[in-house]
Amino acid sequence: MNYLAHIFLSGNNDLLKIGNFMADGIRGNDYMNFPEDVKNGIILHRHIDTFTDAHPIYRKSKHRLHEKYGHYAGVIMDILYDHFLAKNWSNYSDEKLDDYVANFYKSLEDNYAILTEKTRNLLPYMTERNWLTSYGTIAGIEMILFQMDYRTKHRANMQEAVVELQEFYSEFEEEFTLFFEELRAFCLQQMKKI
């Protein structure tokens with residue numbers, strides 16, 4: 001799962017959301033240097049990634065991209081799944097996506113002091129281009145994939161995955177819907193343990 005899903009799966013706790021959001025840039029036990037709720041968000045992120053990577057539905061979706069994009073297939077699939085979350089946001093939340101995203105950006109600014117350097121550097125680009133809301137459109141997904149491809153060492157032309165997205169749109173959406181219900185239930189269990 002990508003940024004939007006990680007944030008959403010953190011419930012209503014802003015610090016948990018922030019930890020879950022910036023967890024990819026935090027290695028090993030470095031998470032111990034953060035406030036308790038941020039630590040818990042980082043741990044939750046790791047549980048989500050482990051659950052996702054091993055799940056047969058997610059792996060089925062990712063398999064469609066593997067031949068063309070190799071090890072970037074997982075990165076792309078995470079973004080495509082975020083597309084379906086954004087597109088179908090009203091099925092998962094009573095709050096409008098624009099409002100939810102604006103509140104999250106504000107939370108990042110309000111807690112700037114605890115953000116990692118990587119997150120601080122990412123924040124202006126993310127808010128200026130409104131990444132989280134842009135996930136809801138195919139054009140937005142193409143832009144995000146292009147920007148991610150640009151930051152990689154070996155260009156994989158990730159933005160071209162919108163072709164597969166459109167070709168297998170209904171299959172991806174159905175798989176996302178089934179998978180996300182299981183992931184949400186898993187996250188609720190994990191958050192009870194935290």
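Here is a friendly conversation about how the descriptions of this predicted model are reached.

Me: What should I know before we start?
Reply: This is a predicted model, where local features need pLDDT of at least 70 and side-chain atom pairs count only at pLDDT 80 or more, while totals for chains, interfaces and linings use all residues. Residues are numbered from 1 along each chain as its sequence is written, and side-chain values use heavy atoms, with hydrogens and water left out.

Me: How many helices and strands does the protein chain have?
Reply: The protein chain has 11 helices and 0 strands. Helices (H or I, at least four residues) and strands (E, at least two) are DSSP runs, numbered from the N terminus. Along the sequence the pattern reads α-α-α-α-α-α-α-α-α-α-α.

Me: Why does the radius of gyration of the protein chain agree with a compact globule?
Reply: The radius is taken over C-alpha atoms, and the globule rule is 2.2 Å times the number of residues to the power 0.38. For 194 residues a compact globule would come out near 16 Å, and the protein chain has 16 Å, so the two agree. Its C-alpha atoms fill a box of roughly 45 × 35 × 35 Å along the principal axes.

Me: What about N130 and N157; where do they lie?
Reply: N130 sits in the loop between α7 (117-128) and α8, and N157 in the loop between α9 and α10. N130 has a relative accessible area of 28%, so it is partly exposed. N157 is partly exposed because its relative accessible area is 35%. Neither residue is a glycine, yet phi is positive in both: about 50° for N130 and near 55° for N157.

Me: How do you know that the span of helix α9 agrees with its number of residues?
Reply: The expected span of a helix is 1.5 Å times one less than its number of residues. Helix α9 (residues 138-151) has 14 residues and should span 20 Å; its end C-alpha atoms are 20 Å apart, so the span agrees. The buried residues of α9 are G140, I141, I144, L145, Q147, M148 and D149. Among the elements covering them are α5 (73-87), α8 (131-134) and α10 (161-167).

Me: Why is α5 called largely enclosed?
Reply: In α5, 13 of the 15 residues are buried, so the rest of the structure largely encloses this helix.

Me: What percentage of the residues of the whole protein chain count as buried?
Reply: Of its 194 residues, 51% count as buried. Among contacts with a separation of 6 or more, 66% come from residues 24 or more positions apart.

Methods: Buried means under 20% relative accessible area, exposed over 50%, partly exposed in between (1.4 Å probe, protein chains only). Contact means heavy atoms within 4.5 Å.
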